[in-house]
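Welcome! Take a moment to look at the chain below, then read on for a short tour of its salt bridges, its surface and its backbone.

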Amino acid sequence: MTELTSLRPVAAVLVSAVAILPILASRGRPNLRESWTVIAALAKLGIVASMVPGVLGGDTYVTDFGTFVPGVNFVLRADSLGVLFALLASLLWLVTSFYSIGYMRGLDEHSQTRYFAAFAGSLASAIGIAFAGNLLVLFVFYELLTVATYPLVAHDETDEARAAGRKYLTYTFGGGVAVLAGAVLVYWLAGTTAFAAGGIADLAAADPLFARVAFALLITGFGVKAALMPVHSWLPDAMVAPTPVSGLLHAVAVVKSGVFGIARVVLDVFGPDLMTELGVGTILAAIAAFTLVTSSVIALRQDNLKRRLAYSTVSQLSYIVLGLAVLHPYSLVGGLLHIPAHAFMKLTLFFCAGAIHVETHTDDISNMAGIGKRMPLTMTAFGVAALGMAGIPLVAGFVSKYFLLIGTVSAGDVVFTGALLVSGVLNIAYFWPIVYAAFFESPGDEDPKPLVEAVLGGRFGEPDVAADGGAPDDSSDPDDGVDDHGYADDHEGQGSVDEAEAAAHIEHDHGHDERLAWEHRRWTGEESTWLMLGPILFAATGSVVLGIVPDAAVFLRIVRLVVSGVTGVSV
């Protein structure tokens, strides 16, 4: 491996950070403001992509600014693992930028300038995390990411949004303190915090007790953003943010920074050999297995689409952590490949949820019967991504989960194999009802879905259970004259509905009237703006490409290079 001194790593970080100034200066001129966003995204992607051929050839690009604190330099290193994350984040930021334009304009959201500026700052921090050359530099960008994303989480400025933002800060800053403590302890034990493929050599000679404490601190700190249980609850609550932010949180930057940090700890700080010697891999794998199964069960109970996707994310992130913790070369490939695979699939799902919200103001799954007629392209893309999340062949999730299954079986960890299989079945259980309702049901003619609607363990003598698993809401008068969508329920007992009134109602309700049906829209893009449909179809197509020709999509080639560099085994 050749280390090349280069300004490209720092340029990739700074391009979106510098773009914050012209974005803020363009307040009141949305076309110019959004042009700066797209230009910065294109430049960032171009800089990162320019390093991919060299990295695949064994080169590492290094920017060294000298001493940061005594004994530690401020170094940015674009190695294979860093380029994997940076390429993914920069590519999907470009896609999300176009989607954000359509989403924010479609809802006429407030504070759009602040939104785009914070988005740019978030991606600058994410690329800094990717290229950090040691634990302390990683900590700095990890905390900057928290600061940059807070305005996005609390964007709506409601009491609920502010509470979610405070919870987000509490959890993630607490995780940052744990990362800093772990980094200081690693420096005390090994005399360095610099990343090295296969682990820091001097750490193997350290006191095992202190080494385990350092490992626990680092995994706990990064585990907050990776949403490992029990430090996961900030993530579902953060769904009050605009949907593009949810995509950023779940697919592009925030949660991926958590699993990326865990990957650095496993592969480049402790290394598979030392982790096996300390016996910490099995414990981490057990936590991940518990998280991925439990969160899948909780997802079944969520009627709000974004919250169901949030708990799905909690589960899918633990697939990555499980693959890393099992430490077999195949499981490492599966875990690392699931980073881009999950990103494309989950971004598709959140983009679809956002388009549904913008065009129909529908957020709950129980109100989506027949919505495939109103939004055929959107719900088809949703179905494709859902298949991939369940591990169905020809979509990205199948390839990564195949490697995970082979890795756990080869390592003799059949309990973890079972957890993966159970979670896969649960994925089908919580995604299939959405797809089925969208294409095969009509409003008012829904089939019962006992897995979703029944109370866990059953409840004798209480048949009227809300779709979210709770008891019916008795706080409102059933005869108050208002239906579930906030419209006057004045049509009951009046016989046939006046057609002109119904047509006006449909137009007001974005193409849907619960008394009739969803308005049919053609497959030619009538359902939404192409600023939203284009990114949806791009992300869905990426999910399929990763499932059919993963090597051609570069990501699998980079993952294999990472694993061979750490284990010495070609996969």
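## Salt bridges, a surface patch and some backbone details

The side chains of R264 and D79 come together in a salt bridge, 2.9 Å from N to O. The term salt bridge stands for a side-chain nitrogen of Lys or Arg within 4 Å of a carboxyl oxygen of Asp or Glu. R264 sits in helix α10 (residues 254-278) and D79 in the loop between β3 and α3 (80-106), so this pair ties together parts that are 185 residues apart in sequence.

A word on the model itself: it is predicted, so local features need pLDDT of at least 70 and side-chain atom pairs count only at pLDDT 80 or more, while totals for chains, interfaces and linings use all residues. Residues are numbered from 1 along each chain as its sequence is written, and side-chain values use heavy atoms, with hydrogens and water left out. The helices (H or I, at least four residues) and strands (E, at least two) are DSSP runs, numbered from the N terminus.

Are the two partners buried or exposed? R264 is buried, at 1% relative accessibility, and D79 is buried as well, at 9%. Here, buried means under 20% relative accessible area, exposed means over 50%, and partly exposed is in between (1.4 Å probe, protein chains only).

How many salt bridges does the structure hold? There are 11. Three of them are set out here.

| Salt bridge | Distance, N to O |
|---|---|
| R264 and D79 | 2.9 Å |
| R77 and E3 | 3.2 Å |
| D237 and R307 | 3.6 Å |

The side chains of R77 and E3 form one of these salt bridges. This pair links distant parts of the chain: R77 belongs to strand β3 (residues 72-78) and E3 to strand β1 (residues 2-5), 74 residues apart. R77 counts as buried at 13% relative accessibility, whereas E3 is partly exposed at 48%.

D237 and R307 also meet through their side chains in a salt bridge. D237 is in helix α8 and R307 in helix α12 (residues 305-326), so the pair ties together parts that are 70 residues apart in sequence. Salt bridges that share partners join E3, R77, D79, R264 and D268 into one network.

Now for the surface. Which residues form a nonpolar patch there? They are L387, I392, I428, W432 and F440, with about 500 Å² of accessible area together. Patches are made of residues with over 30% relative accessible area and no salt bridge, where like charges are joined within 9 Å and nonpolar side chains (Val, Leu, Ile, Met, Phe, Trp, Tyr) within 5 Å. Accessible areas come from the Shrake-Rupley method with a 1.4 Å probe, and for residues only the protein chains shown count as cover. Helix α17 (residues 414-440) gives the most to the patch, with three residues. I392 is in the loop between α15 (376-389) and α16 (396-410) and is partly exposed, with 32% relative accessible area.

Finally, the backbone. Most residues other than glycine have a negative phi, and most peptide bonds are trans. L394, in the loop between α15 and α16, has a positive phi near 80 degrees, and this residue is exposed at 55% relative accessible area. V554 has a positive phi of about 75 degrees although it is not a glycine; V554 lies in the loop between α20 (530-548) and α21 (555-567). The peptide bond from M229 to P230 is cis, with omega near 15 degrees, and P230 is in the loop between α7 (208-225) and α8 (234-237).
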